[in-house]
Amino acid sequence: MLRKKLFILLLTVLMVAVLAVGCSSGEEIGQNYNGTNNDSSEGETGEEEIVDIEVWSVNEGFKEIDSGSPLYEFIVDEIGVGVISPYVEWNGGKGYTNQLNMRIAAGEMPDMFLPYNGIEYDLAKNGAIEDLTDLLPEYAPNLWELIPDEVWDTVRTNDPTGEGRIYYIPAIRDYGITGGMIRQDWIDKLGLEMPTTQEEYVDVLRAFKNEDPNGNGMQDEIPTGGRENGRWMDHLFAMYGIAMFEGFPDWDIYDGELTNSAVTQNMRDALEFISELYAEGLIDQETFLNDKQAWDGKINSGLVGSYFHWTETVYDRLPQIEAGTGVKADLPVLPVPKVPGYEGFYSHEPTLGPQWVVKSGMEEEKLMATMKFLDNYANQENWEDMYYGVEGMHHKIIDGKRVLLPEDKSTQQVMDVIKAYNHFSLIDFKSNLLMEAVGEEQMEYVEQGIRNMEENQKYVKVIAGNGMPESVYNDYPDIRSNMIYQEYATKIILGEYPIEKFDEFVDRWYETGGEEVTQRARDWYDKLEK
């Protein structure tokens with residue numbers, strides 16, 4: 001019966017993959033997977049047998065991990081398990097999803113993999129992935145204890161079987177990573193103060209636009225802005241108490257009930273305010289044309305006064321600004337400006353979603369090797385070594401100190417499978433690691449990043465939708481993708497729609513699936529709170 005259910009599931013997944021992301025007619029299934037059993041035998045020396053497991057995760061162009069390669073041997077030394085990780089094109093998740101679904105349909109599921117786009121829901125319902133509830137505490141205690149109890153409670157709530165079991169390992173982050181930032185050096189040069197209210201913030205943006213804070217004699221400064229579809233400008237929404245993830249409206253408590261922030265009065269007022277900023281030229285007039293490269297380029301060239309991103313990554317931007325302008329910029333966190341009638345915050349979700357699932361039905365030897373991998377990979381004593389990777393490939397030794405080499409996808413093997421320090425991101429470890437990893441010439445930039453990491457925690461709030469499963473959106477792709485929201489938000493901000501059209505958007509949102517999705521979300525939240 002299980003094989004029959006699994007076969008039906010696999011056919012369904014494959015059909016969805018073909019429709020959603022398309023298949024290249026000449027592409028071979030798993031073209032970089034050799035299909036062989038790479039389990040190593042016990043050698044003549046009597047050493048412990050090394051068992052190989054196949055692991056799939058994000059790979060944005062790096063070399064695969066194959067048996068006997070430098071990173072393979074490094075992982076064996078650090079973790080005691082062999083890891084085979086074939087190259088699977090990520091392509092924004094589409095290429096990965098396509099190849100993963102084809103492997104599942106062919107009955108060749110990887111031993112452990114990153115589930116994507118909610119695929120774990122159907123896999124768990126059909127018994128295709130392992131129930132980890134009893135395995136993790138016994139065989140991977142480092143992992144079990146690393147993840148807080150309240151996060152495990154969320155994972156249990158998300159069990160599609162309704163039995164409160166654990167079918168995936170979640171990624172976590174114990175600090176709020178994103179927030180608004182502002183050029184303090186520009187504020188100082190213009191004789192202003194750090195803004196704390198919306199009115200003060202707008203005054204600062206006007207000064208950035210009109211008073212030449214970069215000192216080049218041209219009115220080329222961009223007070224603030226973001227990217228296409230209104231993304232990465234969350235700081236302008238945050239002051240209205242809007243739950244948001246990198247431009248996507250999220251779920252929080254409004255008027256006493258769990259509600260998507262897109263359809264709230266908060267959002268209506270925020271869009272009206274942002275449209276006024278745009279009309280006055282205080283927002284980059286190319287915001288809705290900016291892709292990542294274009295917007296990052298404007299920030300890194302020293303033209304932007306205030307923006308939203310990961311607050312710690314100023315250590316990457318500051319040297320670029322200095323190289324291009326000769327100015328040592330100061331980019332602290334922007335305190336969430338106060339708006340009368342609203343409690344503002346930067347959204348934080350400690351539970352980041354599924355990181356790993358394990359194939360069911362493996363031989364005992366393979367299953368125990370997978371548990372061993374998870375236990376040792378989650379052991380923080382190994383994290384620093386895993387951060388630096390293979391000597392000569394990922395780092396070199398200078399004056400007795402490990403120094404990371406520049407990223408080179410043509411020579412370096414993919415590290416994501418062992419990046420536990422990213423999958424389980426802890427502010428203390430990250431801060432200490434950053435201080436240890438850089439040389440004197442970079443220290444001033446890193447110190448700003450660490451300052452921002454710590455300062456940002458004053459303004460973040462864990463939103464009520466933290467950890468909500470993707471399955472609440474099943475059958476309603478337009479709600480999941482925020483397509484309707486982006487259409488109306490873009491036109492309202494650009495002035496093509498009056499703010500009154502927001503009410504039409506709310507009606508459309510509920511009519512095209514929002515009502516059902518909201519009920520599912522509230523049912524999930526009620527179950528979580530019990």
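In this predicted model, Ile187 sits in helix H8, which covers residues 184-189. Its relative accessibility is 0%, so Ile187 counts as buried, the cut-off being under 20%. Setting aside neighbours within four places in sequence, Ile187 is in contact with Ile182, Leu192, Glu193, Met194, Pro195, Val204 and Phe208. The C-alpha atom of Ile187 is also 8.8 Å from that of Ala207, a residue 20 places away along the chain.

Helix H9 (198-210) comes next in this account. Within H9, Arg206 and Asp203 are three residues apart, about one turn of the helix, and their side chains meet in a salt bridge with an N to O distance of 3.2 Å. Both partners are partly exposed, because Arg206 has a relative accessibility of 33% and Asp203 one of 39%. Trp232 is not a glycine, yet it has a positive phi of about 55°. With a relative accessibility of 7%, Trp232 counts as buried.

A second residue with this kind of backbone is Asn117, again not a glycine, with a positive phi of about 65°. Asn117 belongs to the loop between strand S3 (112-113) and helix H4 (119-125). Elsewhere, Thr97 is part of helix H3, residues 94-105, and at 15% relative accessibility it counts as buried.

Now to helices H12 and H13. H12 runs over residues 292-300, and its buried residues are Trp295, Asp296, Lys298, Ile299 and Asn300. These buried residues pack against strand S10 (306-310) and against H13. At the N-terminal end, H12 is capped by Asp291, which has a side-chain oxygen 3.3 Å from the backbone nitrogen of Gln293. Just after the helix, Gly302 adopts a positive phi of about 85°.

On the H13 side, Arg317 is worth a look. Arg317 lies in H13, residues 314-325, and it is buried, with a relative accessible area of 5%. What does a buried arginine side chain pair with here? The side chain of Arg317 makes a polar contact with the side chain of Asp296 at 3.4 Å, and another with the side chain of Asn300 at 2.9 Å. Both partners are among the buried residues of H12. Residues up to four places away in sequence aside, Arg317 touches Asp296, Ile299, Asn300, Tyr307 and His309.

As for charge pairing, side chains of opposite charge can pair when their charged atoms come close. In total, the count comes to 30 salt bridges. One of them joins Arg522 and Glu257, whose closest N and O atoms are 3.5 Å apart. Arg522 is in helix H21 (residues 501-529) and Glu257 in strand S9 (residues 257-260), so this pair ties together parts that are 265 residues apart in sequence. Arg522 counts as partly exposed at 21% relative accessibility, and Glu257 does too at 42%. Lys458 and Glu455 form another salt bridge, with 3.1 Å between the closest N and O atoms. Here Lys458 counts as exposed at 59% relative accessibility, while Glu455 is partly exposed at 26%. Salt bridges also link Glu54, Arg103 and Glu108 into a network.

At the level of domains, the chain is divided into domain 1 (52-170 + 353-419) and domain 2 (178-349 + 447-529). Their centres, taken over C-alpha atoms, are separated by 32 Å. Eight residues from domain 1 and 10 residues from domain 2 take part in the contact. Between them the two domains bury about 710 Å², with 55% of that area on carbon and sulfur atoms. On the domain 1 side, Thr154, Thr157 and Asn158 lose the most area to domain 2, together 56% of what that side buries. Helix H7 (residues 149-157) supplies the largest share of the domain 1 side that touches domain 2, namely three residues. By class, that side has one nonpolar, six polar and one charged residues.

Note on methods:
Residues numbered from 1 in each chain as written. Predicted model: local features only at pLDDT ≥ 70, side-chain atom pairs only at ≥ 80, totals over all residues. Heavy atoms only, no water. Helix = DSSP H or I, 4+ residues; strand = E, 2+ residues; numbered from the N terminus. Buried < 20%, exposed > 50% of the residue type's maximum accessible area, 1.4 Å probe, protein only. Polar contact = N/O pair within 3.5 Å; in protein donor to acceptor, adjacent residues only side chain to side chain. Contact = heavy atoms within 4.5 Å. Domains from an automatic or database assignment. Buried area = accessible area lost by both parts, 1.4 Å probe. Nonpolar A, V, L, I, M, F, W, Y, C, P; charged D, E, K, R; others polar. Salt bridge = Lys/Arg side-chain N within 4 Å of Asp/Glu carboxyl O.
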